[in-house]
Amino acid sequence: MTEIPRIPETDLLRLEQRAINVRKDVVRMIGVARSGHLVSSLSIVDILTWLYWRVLRVSPEDESSSARDRFVLSKGHGCPALYATLADRGFFRREELWSYRRLGAMLQGHPVANRTPGIDASSGSLGMGLGIAVGMALAGRMSGSPYRVACLAGDGEMQEGAMWEAAMAAGHFRLSRILLVIDRNHVQMEGKTEDIMGLEPLDEKLRAFGWRVAHADGHSMQSLQQALAEIDSSDAPGAVIAKTIPGHGVSFLENGSFRGKDVLNRQRVEMALRELEVLEQETLRSHPSGEALS
Amino acid sequence: MTTERISTRDAYGAALLALGEHIESLVVVDADVASSTRAAAFAAKYPERYLNLGVSEQNMILVAAGLALCDRTVYAASFASFLVGRAYEQIRDAIALPSLPVRLIGTHGGVTVGEDGATHQMLEDLALMRLLPDVAVLCPSDYASAIVQICNANSWKGPVYIRLGRMPIPPVYERSDSDFHVGGARLLREGDGVTICACGIMVHEALEAATILSQQNIEAEVIDCYSISPLPAEIILSSAHRTGCCVVAEEHFRKGGLGEAVTHLLCEHYPVPVLSVAVKDLFGQSGTPEELQAYYGLTAERIVSAAFQAWTLRRRSPDAL
């Protein structure tokens, strides 16, 4: 196990603030577009903030550097969270967020590579991201440039056969530079994953395919950091099963009263933004150094 | 010219060896059929640039996409059925949509695969692949031209699909011939009686048909339409202006392939009678390649009879009346 330092308190607070602001932008962009997957976008915001500010060696200045780390959002429908994170990270102007899903927009309903700065791979149809990540990791190994390839997958798409073809290949080739994060929010389109097509024991299945696996709280960057330390190795791909809450951060989304197909009207946007303002204040108060930053 | 019969899949093996020597970034991916696709020679010579992903065509295509996104030059091959059939959505979303320069090679196209039967005899790959925007679709007619097309594909900016066959076929071109670019065609025989557009194994049949037709005083113009997409529109149109009728011959379903592409082109720009020599709404079956070729009507004789029919219906220019 490699020693990966804990995230210092002040950094952690700033990251949590970022995540809350990304959440607000996700609500705003889906509100403006009147279309998009809000609940499953909000479950991955903390994971993305952690990846883009603590894990991945990427920057807008070296956007096309061949040695950069790569990221594949296999659950492409969660792209509002990725777009808002990339805008926050400076890959493109934040104003682009307001044309998400519009005709001719740079920000498509599902990510398209070569169309948006910072998007390394197209996705949308479920179950394709991990295979692309395997190809990227193999290319890195072949070119002697061992960049990390992170893939964020939804739990529902682990029902796709192609994910396991890719998992088998990653294990076979001992692609230790692959980091798979599974957004384990336990819901899929028509209900709960374990009712529809049970995935458990997901960790044991991946281990049987040659992976190192750790569990994390997908809304705690400290927990994600710890999980990464547990799986980091030089001879096996690593997976973090991140337990998340669908719609995290907004109560009427978390409790399931708002369905994925419901339109996010102005009133709901307002309610969600107010809740996130309150969450931001609470977050600041809960940190020892928080008051000074507010 | 050598008269040795040799399959177009053998060209894949030869082309990879040539490419491997010059292109450092070349990676060949495989789904455990390298002996059959002839990628095995490359695998033996350049093991560090060859990846066998096992029996997983979908994953092979996704891995190819990942490699291409990281600037590798990628050739991916399997039997046409398994490559285009099994992994179509991966090809569509991961390769065609971002327009990645991945070269997809479908070997074992058509019924002349032989004894393996219907599951292994792909008759709709050209249709499926030509539907995808900006994907070049090629179907070479002999070993020599296949090698050049496989190598030239590397300079095309987007994805390329090349359909190859298992059955050894006679040569159409000299080995030194190198003029086969994406979007091109070759006028193999000039004539003013009927235009015959053909691809793959049917080019040789078309040339034989032209000899028979000539004995009947119909001079056929034979075009090797190896580029199904983009279609060599000007060559086809100027020939149709000369002849006033057309036959299209391909080892593919009548639906969706070269026949429909040529018909559409002519309908839009210069309507003339077009007859198709292809497989009519039937899956393949077991048999020897030669038996199957005859059973499914993919022969010079069928082209001759279609050509006669087309000729009698031909569009006559006013000054010929």
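Two residues are in contact if their C-beta atoms, placed from the backbone, lie within 7 Å. Keep that in mind for helix α10 of chain B, residues 233-243, which lies across β7, β8, β9 and β11 (246-253) of that chain. Helix α10(B) runs at about 170° to β9(B). Axes here are lines fitted to C-alpha atoms, for helices over the stretch in contact, and angles run from 0 to 180 degrees between N-to-C directions. Helices (H or I, at least four residues) and strands (E, at least two) are DSSP runs, numbered from the N terminus.

Some ground rules. This is a predicted model, where local features need pLDDT of at least 70, side-chain atom pairs count only at pLDDT 80 or more, and totals for chains, interfaces and linings use all residues. Residues are numbered from 1 along each chain as its sequence is written, with chains lettered from A and ligands numbered from 1 in the order in which they are written.

Now the sheet under that helix. It is open, has 5 strands, and its order is β7-β9-β8-β11-β12 in chain B, with mixed pairing. Two strands pair if DSSP finds at least two bridges between them. At the edges sit β7 (186-189) and β12 (274-279) of chain B, each pairing on one side only. Neighbouring strands are turned by 25° against each other on average, direction ignored. Inside this sheet, β8(B), residues 194-198, runs parallel to β9(B), residues 220-224, over 5 bridges. Val194(B) stands opposite Ala220(B) there.

Staying in chain B: how many residues of helix α8 (residues 143-152) are buried? The count is 9 of 10, so the rest of the structure largely encloses α8(B). Buried means 20 or more other C-beta atoms within 10 Å of a residue's own; exposed means 12 or fewer; partly exposed is in between. Among the buried ones are Tyr143(B), Val148(B) and Cys151(B). Their cover includes α1 (8-22), β5 (136-138) and β6 (160-163) of chain B.

Compare Ser176(B). This serine lies in the loop between β6 and β7 of chain B. Ser176(B) counts as exposed because it has 7 C-beta neighbours inside 10 Å. Its C-alpha atom is 9.6 Å from that of Val148(B), 28 residues away along the chain.

Next, the interface. Chain B gives 23 residues to the contact, and chain A gives 24. On the chain B side, α4 (57-69) and α6 (88-96) each supply at least two residues. The largest share, 9 residues, comes from α4(B). By class, that side has 13 nonpolar, 6 polar and 4 charged residues. Ala, Val, Leu, Ile, Met, Phe, Trp, Tyr, Cys and Pro count as nonpolar, Asp, Glu, Lys and Arg as charged, and the others, Gly among them, as polar.

Over to chain A. Strand β1(A), residues 70-73, is covered on both faces: Arg70(A) and Val72(A) are buried on one side, Phe71(A) and Leu73(A) on the other. In a regular strand the side chains alternate between the two faces of the sheet. β1(A) pairs in the parallel sense with β2(A), residues 149-154, over 4 bridges. Arg70(A) has Val149(A) as its bridge partner.

Last, two helices. α3(A), residues 45-55, packs against α4(A), residues 79-88, at an angle of about 35°, with axes 10 Å apart. Contact residues include Leu48(A) and Tyr52(A) of α3(A), and Leu82(A) of α4(A). By class, this contact has 5 nonpolar, 2 polar and no charged residues.
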